[in-house]
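Biologist: I am new to this model and would like a close, careful look at a single part of it. Please take me through that part slowly once it is in view.

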Amino acid sequence: GIATSLPQFNESPLRTSREGSFWQRAKKPQLNFMIDQISTVLRSHPEYRMRKLQVVDIGGGKGLLSNLLAEVFGSDTVEVKVVDISRSATKNGMMRAQRRGLQNIKYSAQDATTLDVTGVDVVVALHACGALTDVALGHAVCQGAGFVICPCCFRSNPHLRVSVPSAANNESGVGHVVAEEWLG
């Protein structure tokens, strides 16, 4: 379970629902699991609690995971950025964050393949569809960042381009390849 110094959200800070609902059976345990994994990665960072760690959520949609992450760890520990291609999802997430009074989270409706990850300490992605998983992992590799990534929808989004470090493409800086090339 979640480390003892972190609250497990048995009483959901984000949503309430009836016993036996999809939220209770699936989503809530999934978010608890992800927070637990992210906690391990954050706590292992050499500068944990010395400065705000920068977290980016790739394909974070309406921010169920990221809003919880921002709330559980607080504004002294993390600054969270949610990136999703859907403007309506990011707007929804931003409104949820504002209602909760979260000051340490920002939303951006943009293509994750073009995201500048300079300074990011941890990359997270929950339900990163198909090659979006590879995009998130590519960002983490190029930045030398920790990551917690949960894929879904295997082989969807094959058109997405993955960031790769210069050693992988024999060029200086960061290059981009399609997921199939990245996977070999």
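Biologist: Leaving aside its neighbours within four places in sequence, which residues is Thr77 in contact with?

Modeller: Bearing in mind that this is a predicted model, we can begin with where the residue sits: Thr77 lies in the loop between helix 2 (64–73) and strand 2 (78–84). Once its neighbours within four places in sequence are left aside, Thr77 is in contact with Tyr48, Arg49, Arg51, Lys52 and Leu53. Thr77 has a relative accessibility of 3%, and because buried means under 20%, Thr77 counts as buried.

One of these contacts, Arg49, deserves a look of its own. Arg49 is found in the loop between helix 1 (22–44) and strand 1 (53–58), and its relative accessibility is 57%, so Arg49 counts as exposed, the cut-off for that being over 50%. The backbone of Arg49 also has a phi near 70°, which is a positive value in a residue other than glycine.

Ser66 is buried, with a relative accessible area of 0%. Leaving aside neighbours within four places in sequence, Ser66 is in contact with Asp57, Val80, Val82 and Ile105. For one of these, Val82, the separation can be stated in two ways: Ser66 and Val82 are 16 residues apart in sequence, and 7.0 Å apart in space from C-alpha to C-alpha.

Definitions and conventions
Residues are numbered from 1 along each chain as its sequence is written. This is a predicted model: local features need pLDDT of at least 70, side-chain atom pairs count only at pLDDT 80 or more; totals for chains, interfaces and linings use all residues. Side-chain values use heavy atoms; hydrogens and water are left out. Helices (H or I, at least four residues) and strands (E, at least two) are DSSP runs, numbered from the N terminus. Buried means under 20% relative accessible area, exposed over 50%, partly exposed in between (1.4 Å probe, protein chains only). Contact means heavy atoms within 4.5 Å.
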